[in-house]
Amino acid sequence: MMVSILELQHRSEAAEEAVPEAVPDSPEKPEFEFVLGRRQVASVMFVFTIVLMICVAASYLAGKSMAPRAQAQVADPAPAPAPSQAVTVVREPDPPPVVLMQEAAPEAPIFAEAKNGSVYIQMGAVEKGVAAIFAEGLRKRGLDAFVAPGPSEKIFRVLIGPLADPAAYARAKDTVDKIGLATFARKYPN
């Protein structure tokens, strides 16, 4: 069988077309795409939260173990006083009890009218139930407190007094300031 050069050349071109192109020496990295739905995002966030809580707990426990512990104080026995030295304890007499206000008589009503021309310390203007509780609390502190009508039908004033003189006012104001309540003086009628 005789084959001509042209035929061989034609066959070699056909063979080259059939052979795929050569792969380059450096292989290309394939590209990947991650797709996360709501469930996957929620799962990842849950795992992240658990890991974060574990780290926080471990940090807390590590810090707690590093903190100095309070050791029990062991009292040393007191040394015996020297027999040659006598110790005398001098006590100052207790100061006489200070009378803050005239104590309210047990039968004094919680609801009363303010006297015209008298000076009072007003503690607040609130609704009737709160005013009664407030006045009772002030009475337990030794103050002559009562509830008087307020600027409207639903508002009542909590008053301390009547205060006869500036000294009584100063004592009452000092007592209220020690309790930590805000006040203001008021002269009736107003």
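**View 1. The chain runs α-α-β-α-β-β-α-β, counted from the N terminus.** That comes to four helices and four strands; helices (H or I, at least four residues) and strands (E, at least two) are DSSP runs, numbered from the N terminus. Keep in mind that this is a predicted model, where local features need pLDDT of at least 70, side-chain atom pairs count only at pLDDT 80 or more, and totals for chains, interfaces and linings use all residues. Residues are numbered from 1 along each chain as its sequence is written, and side-chain values use heavy atoms, leaving out hydrogens and water.

View 2. pLDDT is its confidence in each residue, from 0 to 100. The chain averages 76, and 65% of the residues score at least 70. Among the elements, helix α2 (residues 38-66) has the highest mean pLDDT, 93, while strand β4 (residues 184-187) has the lowest, 64.

**View 3. Zoom in on V147, which sits in strand β2 (residues 145-149).** V147 counts as buried because its relative accessibility is 0%; buried means under 20% relative accessible area, exposed over 50%, partly exposed in between (1.4 Å probe, protein chains only). Leaving aside residues up to four places away in sequence, V147 touches I110, F111, A112, A131, A132, A135, F156 and R157, a contact being heavy atoms within 4.5 Å. V147 and V158 are eleven residues apart in sequence, yet their C-alpha atoms are 4.7 Å apart in space.

**View 4. Back out to the whole chain.** Of its 190 residues, 17% are buried. Among contacts with a separation of 6 or more, 71% link residues 24 or more positions apart.

Technical notes:
pLDDT = per-residue confidence, 0-100.
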